[in-house]
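Here are my notes on this one, as numbered points. Have a look at the model first, then read on.

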Amino acid sequence: MSIHLVRHAHAGSRKAWSGDDAERPLSPRGEAEAQAIARALADAGIDRIWSSPSRRCIQTLEPLARLRSLEVEPVDDLGEGGVVVKALDALLAATSDGHRVAAASHGDEVAALVAEAVVRGATLDGPGSAKKGERYELTVVDGRVDRILHVPAPDAGS
């Protein structure tokens with residue numbers, strides 16, 4: 001089974017946004033990146049889509065959700081300040097139930113999830129932190145993350 005862990009697409013500057021940061025949307029560039037992420041994951045067999053409750057994370061996976069006729073499910077532990085151990089355990093429980101999950105979160109949380117999986121014995125192929133729109137494919141074997149593959153952001157122009 002697999003988990004696709006996505007850092008949200010481009011959302012512009014946090015400093016330039018005057019509202020609640022949880023409501024900061026994707027930029028036009030980020031919207032194109034979200035479409036490219038959907039195309040890249042279209043044939044991955046994903047049947048659950050989870051996200052940080054932040055608008056930009058939800059928007060990152062909405063194109064994939066539409067493509068797969070699924071809903072984006074907000075998960076508090078994927079949000080900023082979430083409990084990474086609980087998020088990883090929930091993702092692993094979903095794969096144990098036979099699901100393939102795509103999950104969007106924030107840079108610090110994605111890096112912490114990857115680090116937690118490595119502490120638990122996973123092998124990491126690539127950097128431990130992702131840029132906006134990049135993702136990791138986590139291969140789950142016997143209820144634990146066995147391998148983590150860093151995947152660069154797909155070309156938003158294709």
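1. Asp142 counts as exposed, at 78% relative accessibility (exposed is over 50% relative accessible area, buried under 20%, partly exposed in between, with a 1.4 Å probe and protein chains only). You'll find Asp142 in the loop between S6 and S7. Its phi is near 50°, a positive value in a residue other than glycine. Helices here are DSSP runs of H or I with at least four residues, strands are runs of E with at least two, and both are numbered from the N terminus.

2. Before going further: this is a predicted model, where local features need pLDDT of at least 70 and side-chain atom pairs count only at pLDDT 80 or more, while totals for chains, interfaces and linings use all residues. Residues are numbered from 1 along each chain as its sequence is written, and side-chain values use heavy atoms, with hydrogens and water left out.

3. Ser69 also has a positive phi without being a glycine, near 55°. Ser69 follows H2 and sits in the loop between H2 and S3. With a relative accessible area of 65%, Ser69 is exposed. After H4 comes Gly121, with a positive phi near 115°.

4. Now H2 itself, residues 55-68. Its 14 residues reach 20 Å from first C-alpha to last, close to the 20 Å expected at 1.5 Å a residue (the expected span is 1.5 Å times one less than the number of residues). Where does H2 bend? At Glu62, by about 40°, and a proline, Pro63, follows within four residues. That bend is the angle between axes fitted to the seven residues ending at a residue and the seven starting there.

5. How do H1 and H2 cross? Their axes come within 8 Å and cross at roughly 45°, which makes H1 oblique to H2. On the H1 side the contact is made by Ala34, Gln35, Ile37, Ala38 and Leu41, and on the H2 side by Gln59, Thr60, Leu61, Pro63, Leu64, Arg66 and Leu67. Axes are lines fitted to C-alpha atoms, for helices over the stretch in contact, and angles run from 0 to 180 degrees between N-to-C directions. Under 35 degrees counts as roughly parallel, over 145 as roughly antiparallel, 65 to 115 as roughly perpendicular, and the rest as oblique.

6. For H3 and H4, the axes are 9 Å apart and the packing angle is about 70°, so the two helices are roughly perpendicular to each other. Val84, Val85, Ala87 and Leu88 of H3 make the contact with Glu109, Ala112, Leu113, Glu116 and Ala117 of H4.

7. H4 (residues 107-119) has 13 residues, which should span 18 Å at 1.5 Å a residue; its end C-alpha atoms are 18 Å apart, so that agrees. Buried in H4 are Gly107, Glu109, Val110, Leu113, Val114 and Ala117. These pack against S1, H3 (84-96), S4, S5 (123-125), S6 (135-141) and S7 (144-151).

8. Last one: Ser96, found in H3, is exposed, with a relative accessible area of 54%. Ser96 and Arg56 are 40 residues apart in sequence and 28 Å apart in space, C-alpha to C-alpha.

Methods: Contact means heavy atoms within 4.5 Å.
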